[in-house]
Amino acid sequence: MSDAFVVVSEASKAFVGVQALDRVNLSVGRGQIHALLGENGAGKSTLIKILTGVHQPDAGEVRLDGRPVRFRNPREAIGAGIGAVHQERNLITRFSIAENITLENPPRRFGMFDAAAAANATAKWLKLLGLELNPGTPVVRLSVAQMQLVEIAKALSLESRFLVLDEPTSSLTPHETRALFTVLRRLAQDGVAILFVSHKLEEVFELCSHVTVLRDGRNACASQPLAGLTRGDIVRLMIGREEAVFAAAPPASLGAAPALELRGVATALGHRDISLAVRGGEILGLYGLVGAGRSELARAVIGAARITGGEVLVQGRRARIRDVTAAVRRFGIGYVSEDRKGEGLILQLSVATNIAAAIWHRLARLLGFLTRRMQDAAATPFVRALDIRTPSLAQRVANLSGGNQQKVSVAKWLAAKSRILIVDEPTVGIDIRSKAFLHELLLRLARDGTAVLLISSDMPELIALADRIAVMKEFQVIDSFDNTRDYAAASARIMQAIHG
Ligand SMILES: Nc1ncnc2c1ncn2[C@@H]1O[C@H](COP(=O)(O)OP(=O)(O)OP(=O)(O)O)[C@@H](O)[C@H]1O
Ligand SMILES: [Mg+2]
């Protein structure tokens with residue numbers, strides 16, 4: 001390729017027990033938006049970390065604009081004009097948005113941090129992404145999606161020649177994604193080379209012109225034009241076989257009374273008059289744009305935010321849920337948080353310990369102790385069912401790929417076998433094969449009698465899984481209906497409710 005700007009030749013990288021990359025090639029041209037695809041654990045982030053100076057390759061070479069480069073740290077990569085949004089969040093949460101965005105290059109006046117200049121520079125990038133926030137807001141107050149947008153704004157503000165985005169849209173809704181794509185297309189027109197990782201293939205086809213697929217650390221294809229490849233071709237390159245399509249049947253029988261019911265609930269976070277009910281055996285899907293208050297509602301239910309009006313009923317009885325521990329132990333409510341790194345996982349502990357964490361109290365109460373073998377036995381079926389790629393059950397979760405970490409945090413709550421399960425964005429960052437596994441598992445849990453409240457911004461997922469759908473906007477429920485799983489009808493109704 002004559003206009004190749006970034007060229008990776010025969011790059012290899014091993015970690016203990018894993019050959020993460022094995023002689024990988026990649027070539028990205030100026031002005032090109034290039035997709036980097038592959039299943040969870042295929043090596044995408046490892047390749048990106050080599051390009052951005054986080055890791056050094058064991059073998060092989062990276063050339064930038066014709067010259068070989070070897071970055072000893074991320075700062076050197078930034079200095080060479082490479083901007084990145086990493087899969088894991090890197091914001092300093094007690095700093096403001098402006099402080100985070102200008103972190104690499106803080107504006108100074110008389111030797112002091114110039115807050116006004118930082119706010120001005122920041123406002124420009126936020127506006128570009130359609131993010132209406134005060135640059136002085138501390139990051140800790142932002143939702144997961146807003147943090148993701150701030151990370152993107154931060155990378156954009158470096159005005160790099162090569163922009164690397166590792167699953168930048170994982171927490172975004174289609175609306176925000178569209179704003180991002182408009183910005184990326186404009187950058188590409190200005191000659192910026194872009195490498196884009198996503199598990200959402202629709203996005204890839206919409207945005208990218210070229211594609212590289214990794215499979216088990218090797219090229220399944222290298223730098224091919226996307227035109228001419230179908231979704232089926234890409235899936236085969238990624239997983240080596242056809243995509244499994246599953247169809248959900250409606251529930252055979254439902255519990256008589258709702259397992260979880262909200263009657264006219266108001267919260268300190270601003271929810272008003274929320275009424276919802278989920279029965280054992282069914283999945284209630286909760287849709288809404290970012291900022292609609294869905295995750296916040298879930299947090300209020302499990303006692304992490306104050307309920308100021310109305311009532312919550314569990315198995316028909318009025319419940320005052322004080323905190324997450326009480327939610328699990330007294331009321332049998334499992335909760336998969338959207339913020340999995342923050343709340344769902346203990347990164348320094350093993351895969352087995354993390355999965356068994358939610359059942360510790362039950363096993364330990366029964367026997368007074370918990371052995372490593374019991375933990376492993378509890379974890380093994382889920383590691384298999386969700387295809388969690390790990391050298392062993394003893395591996396630290398921190399060393400798993402992003403998608404495999406997600407699977408661990410979801411597995412933990414599936415293992416807990418709660419009667420009520422609240423899951424917030426369960427398949428974010430999970431590859432298409434594991435997503436199908438997870439969908440089946442959730443559906444099986446529901447059909448076995450669990451009441452599932454599913455929060456998902458992935459509309460196809462929501463419509464495929466939910467028996468009923470409630471739509472939220474501005475901290476209120478604005479519509480709810482039985483879902484016949486007719487995609488066109490359900491998506492039209494949701495959009496009508498939201499944009500009305
Ligand atoms: N620091 C590390 N220590 C040990 N193993 C690691 C480390 N980082 C990555 N790995 C392993 O390298 C392999 C590739 O991981 P990588 O994060 O590159 O995958 P990925 O393609 O980005 O997956 P995902 O879609 O889940 O983000 C995985 O088997 C992972 O467990
Ligand atoms: Mg990754």
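Domain bounds here come from an automatic or database domain assignment. With those bounds I checked ligand 1: its shell takes at least three residues from each of domain 1 (4-239) and domain 2 (258-499).

I noted the ground rules. This is a predicted model, in which local features need pLDDT of at least 70, side-chain atom pairs count only at pLDDT 80 or more, and totals for chains, interfaces and linings use all residues. Residues are numbered from 1 along each chain as its sequence is written, while chains are lettered from A and ligands numbered from 1 in the order in which they are written.

**Ligand 1**

I looked up the shell, counting a residue as near if its C-beta atom, placed from the backbone, lies within 6 Å. There are 20 residues around ligand 1, and Phe 15, Asn 40, Ser 45, Ser 401 and Gly 403 come nearest. Strand E2 (18-29), helix H1 (44-51) and helix H15 (402-416) each give two or more residues to this shell. Helices (H or I, at least four residues) and strands (E, at least two) are DSSP runs, numbered from the N terminus. I sorted the shell by class: 5 nonpolar, 12 polar and 3 charged. Ala, Val, Leu, Ile, Met, Phe, Trp, Tyr, Cys and Pro count as nonpolar, Asp, Glu, Lys and Arg as charged, and the others, Gly among them, as polar.

**Sheet with E3**

I traced an open sheet of 6 strands, order E6-E9-E10-E3-E11-E12, with mixed pairing. Strands pair if DSSP finds at least two bridges between them. Strand E6 (82-85) and strand E12 (218-225) are the edges, each pairing on one side only. The twist averages 15° from one strand to the next. Angles run from 0 to 180 degrees between N-to-C directions, with axes fitted to C-alpha atoms, for helices over the stretch in contact. Strand E3 (33-37) and strand E10 (193-197) run parallel, joined by 4 bridges. His 34 has Leu 195 of E10 as its bridge partner. Helix H6 (174-189) lies across E3, E9 and E10, at about 145° to E10. Contact means C-beta atoms, placed from the backbone, within 7 Å.

**Sheet with E15**

I then followed E18-E19-E20-E15-E21-E22, an open sheet of 6 strands with mixed pairing. Strand E18 (333-336) and strand E22 (476-482) have a single partner strand each, so one side of each lacks a neighbour in the sheet. Strand E21 (468-473) pairs with E22 in the antiparallel sense over 6 bridges. Met 472 has Val 477 of E22 as its bridge partner. Helix H18 (487-499) lies across E15, E21 and E22, at about 25° to E21.

Note on methods
Contact = placed C-beta atoms within 7 Å.
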